[in-house]
Structures are given as C-alpha cells and as structure tokens.
Amino acid sequence: MLELRLVQGSVLKKVLESIKDLVTDANFDCSSTGFSLQAMDSSHVALVALLLRSEGFEHYRCDRNISMGMNLNNVSKMLKCSGNDDIITIKADDGSDTVTFMFESPTQDKISDFEMKLMDIDSEHLGIPEAEYHAIVRMPSAEFAKICRDLATIGDTVVISVTKEGVKFSTRGDIGAANIVVRQNTTVDKPEEATVVEMNEPVSLTFALRYMNSFTKATPLSSTVTISLSSELPVVVEYKIAEMGYVRFYLAPKIEEEEDETKPQV
C-alpha cells in the first residue's frame, strides 16, 4: 500500500513541468525514505534525478518498495486539473496496475480523484558517483534562466568558464558572439540574490544550450540554482525543492570539433 499526502500540491505540478519535456516515460520509485525518479532523455545525453524526501509529506506510507511507470505528459495533464492550493494525495495498492491522484481544495469542499494506468518501463539505474567538483557556482535561478535564453538567440552552445573573477557564459553563432560575465556577489541583502563561486581550479566547458534551456524549466522550484563543473564530468544543474529534496540535471560536455579533426583517423 502506498499513500502520500502533499499539502503543497503545487510543488508536484512544478516538478512535472520541469522534467516532462526532457523525459517522456519514467519510473517513480517509492521507498520508506522518499519518492524518487531517475531517467535519461530520449537521446541519452541528459539525466534527471528527482528526490522528494518522505519527511516533506504531511502523510507518507510506503509498505514496500514500489516502482510505478508513468507517462510524464499524462501525469502533468492530470495535475493540471488540480488547483494551485490543492492538497494532493497519491495512492496505489500493492500489485495494482493503476495509481490514483486525489485533489482536495484547501477548504475541503471539493475533492476530485483521477485514476491513471501504470506502464511497464524498463530502466536501468545508473549509479551516479559522488564527485569532487573543480568549481561550484550558486546564483539566482532566474538570472541563469535569462542568460541561457539570451544566448540561445545567438548560438547553439554555451561555454561556461569559471575563474576566480567569476563565471563567464559565452556563445558564438552566425550573427556574432556574446559573453556574459557574472561576478561573485555575496554582499546583497537577500541570500537568494547572491552569486557565490567556489573554485579549486579554473574550468571551461561547452554545453548544448537546448538542454540548458530545458533544465531552466525548473526555475519556479527554487530561487537559486547550483551549477557544479569538473573537466572530466557531466555538469550538474541542481534546483533544491524547499526542505523536501531536489531536481538535478546532468549533462555531458560537448567535445570541440577542432579537437576531433586533429585526432588520428582509426
């Protein structure tokens, strides 16, 4: 038996909006510690990891580990039927091939329930190793979203370079080039408006802007975003979800074509 009750139902709506364009079908895994998802996008370039810890729910019952395969667009459609202030309850019986979403208005004068068929989805869990990153940038999530959006009007890729001066976002395209530098700024009145750069060594990596712009759909979940970079590793773009958990996006850096051309032909 599974029963999860989330008072801030809007959190779940925002989570689905942030990942449904990247991942079509995925397994939601429930255990005694929390509700999680790990899935790759269809082109196997990006990975999404979601965690909502059990203590963030008003009521959380999960008698045994259960994996529920769902089409994320369909889940999103169902969640759109709930009001932003609604309390959302997710229920599933052991061995059942359906999951029920229940929406209660805050005054409890309206209760809706929607039943959805579950899917069988083969998915392998990729062990994501804990890693030490060369550079970690924390900045306002809306600022990061605007930078990615602005650069995408000029080029297809973004070079993220971190030095002790700050972090530089650069792109180049047919119409020209753009550089946006964000300096470390910790003296602001509100901590969520600060830009903090922790750097062990300088990093400069290139990423597809299409994916970065997709990741920024998680901006409504958190006022800050954390970008962790290392030369040999995928970037991690993390949005914390209040006190509950996080959505993390992993994206492998692009290898510059010039380098490829100099490699000996095999």
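**Figure 1. Overall view of the predicted model.** Of the 266 residues in the protein, 48% are buried (under 20% relative accessible area with a 1.4 Å probe, protein chains only; exposed is over 50%, partly exposed in between). The model is predicted: local features need pLDDT of at least 70 and side-chain atom pairs pLDDT 80 or more, while totals for chains, interfaces and linings use all residues. Residues are numbered from 1 along each chain as its sequence is written, and side-chain values use heavy atoms, with hydrogens and water left out. The protein has 5 helices and 18 strands (DSSP runs numbered from the N terminus: helices H or I, at least four residues; strands E, at least two).

**Figure 2. Close-up of Asn71 at the start of helix α2.** Asn71 lies in strand β6, residues 66–71. Its relative accessibility is 16%, so Asn71 counts as buried. A side-chain oxygen of Asn71 comes to within 2.9 Å of the backbone nitrogen of Asn73, and the Asn71 side chain also reaches the backbone nitrogen of Asn74 at 2.9 Å. Leaving aside residues up to four places away in sequence, Asn71 touches Thr24, Asp25 and Met119 (contact: heavy atoms within 4.5 Å).

Terms used. A polar contact is a pair of N or O atoms within 3.5 Å; within protein, one must be able to donate a hydrogen and the other to accept it, and residues adjacent in sequence count only if both atoms are side-chain atoms.
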